[in-house]
Amino acid sequence: MLLNRAKLLASPAANTVFTTVLTRGPVVRPEIARITGLSSAAVTKAVKPMIEAGYLEELTQGPRTMEGAGRPAHPLAVRADREFFVGVKITADELIGVVADLTAQVRTARRRPLSGRTVAQVVGDLAALVAELAAEYGERTHHLGISVSGDVDRPGGVVRYSPFLGWRDVPLSQLVSEATELSVTVENDVKALTVAEQWFGEGVGTDSFALATVGVGIGCGLVVGGRLVAGGYGVAGEIGHIPVAAGDGPDCHCGGRGCVEAIASEEAIVARARAATGDPMLDMSAAIDRAHGGDDAVRAVFAEAGRAIGLGLGAMVNLVGPERVVVSGEGVAAYDLFADDIRAAFTTQAFGAAARCPLVVRPLPWEEWARGAAAVSIQSLFAA
């Protein structure tokens, strides 16, 4: 099957046609030609073997248009059950896993607590979870995507640095591949979530967009010219480490001072809320409750976090110029507490017309992060 796919997608035209149907389908051939700039003949040449191999299907129900020489054209769609992909998001204390079909629709999901944070423990737990997830889809499941926070070398499959796990230079792809006998792709968790949005969510049809995540950390994935931007060192989009209060701001774990993440991450908010209330046992949930209850000191902590996020987003939009920004992550549960401060700081920081860039708030459950890992696995196989 792998060789068959490799032959099918050997040409850039074939890759382009397939990804167009994958992200835009169902879609008729003339529309594929319009979107891709390929000739009708090139589209037809690419489509035929994909239909024969079962990756694409021609829908006989639904609207038809007229193709060349007056021939009716039925919409083309990806056969979602042709292959399945496992996606796993690694957090500091558990694994969230899904099985997704070829269109990144989740078919099943499970969670497994980590037995520990050592590499051997995580790899063992991961292999056990994958075995459970893939049992029903084994014959059509050959690929695994893993997402983890931190600095990840996707081509090399190496986790260069993950602050929450305490890892440095871990060849995770190789280790997990040996443990599961699957083809493994490893990506930074925010970039993986961005891929899912690019191919199957808010980013479909846009040339550039950004996805910012608010929660345990502050992250950002960037798509420019239709491609996920990694940068020369793989850390492009790290708005969490833009200094917005360098003079008297708090120290950041990255070694900098006054970074967005040092002010607006969950840990930073909780620490400041504890100091403001004098309650050393306060957690994030309690801080949110206090702020909603009218505690001015805690509300001020969220307001400061909102200003830091807004300044970071404004600086990013000035530099990159995305068509829209999606704001997500577990922290958006408290978005109402700092939404006005984010927008005000963003509008002040963004230059000129960039201040009109829409900020789309999209709460996503943890399973969506695992879906992002599966989407990275799909992309690694089928992207041009």
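Close-up 1. The structure holds 19 salt bridges, a salt bridge being a side-chain nitrogen of Lys or Arg within 4 Å of a carboxyl oxygen of Asp or Glu. Keep in mind that this is a predicted model, where local features need pLDDT of at least 70 and side-chain atom pairs count only at pLDDT 80 or more, while totals for chains, interfaces and linings use all residues. Residues are numbered from 1 along each chain as its sequence is written, and side-chain values use heavy atoms, with hydrogens and water left out. Side chains of opposite charge can pair when their charged atoms come close. Here Glu58 teams up with Arg29, with 2.8 Å between the closest N and O atoms. This pair joins distant parts of the chain, 29 residues apart: Glu58 sits in strand 1 (residues 56–58) and Arg29 in helix 3 (residues 29–36). Helices (H or I, at least four residues) and strands (E, at least two) are DSSP runs, numbered from the N terminus. Buried or exposed? For Arg29 the answer is buried, with a relative accessible area of 12%, whereas Glu58 is partly exposed at 34%. (Buried means under 20% relative accessible area, exposed over 50%, and partly exposed in between, using a 1.4 Å probe and protein chains only.)

**Close-up 2. Glu94, Arg111 and Glu367 are linked in a network of salt bridges.** Let's begin with Arg111 and Glu94, whose closest N and O atoms are 3.0 Å apart. Arg111 belongs to strand 7 (residues 106–113) and Glu94 to strand 6 (residues 94–101), so this bridge ties together parts 17 residues apart in sequence. Arg111 also pairs with Glu367, again with closest N and O atoms 3.0 Å apart. Glu367 is in helix 13 (residues 366–382) and Arg111 in strand 7, so here the tied parts are 256 residues apart in sequence. As for accessibility, Glu94 is buried at 18%, Arg111 is partly exposed at 41%, and Glu367 is partly exposed at 24%.

**Close-up 3. Helix 10 meets helix 11.** Helix 10 (residues 284–292) packs against helix 11 (residues 296–320) at about 110 degrees, with the axes 8 Å apart. Axes are lines fitted to C-alpha atoms, for helices over the stretch in contact, and angles run from 0 to 180 degrees between N-to-C directions. That angle makes the two helices roughly perpendicular; the cut-offs are under 35 degrees for roughly parallel, over 145 for roughly antiparallel, 65 to 115 for roughly perpendicular, and oblique for the rest. Their crossing is left-handed (the near helix is turned anticlockwise from the far one by less than a right angle; clockwise would be right-handed). Residues in this contact (heavy atoms within 4.5 Å) include Met284 and Ile288 of helix 10 and Phe302 of helix 11.

**Close-up 4. Helix 9 meets helix 11.** The axes of helix 9 (residues 266–277) and helix 11 come within 9 Å and cross at roughly 150 degrees. The two helices are therefore roughly antiparallel, and their crossing is right-handed. Which residues of helix 9 meet helix 11? They are Ile269, Arg272, Ala273, Ala276 and Thr277, and their partners in helix 11 include Val298 and Phe302.

**Close-up 5. Gln121 in helix 5 (residues 119–134).** At 30% relative accessibility, Gln121 counts as partly exposed. Leaving aside residues up to four places away in sequence, Gln121 touches Ser115 and Gly116.
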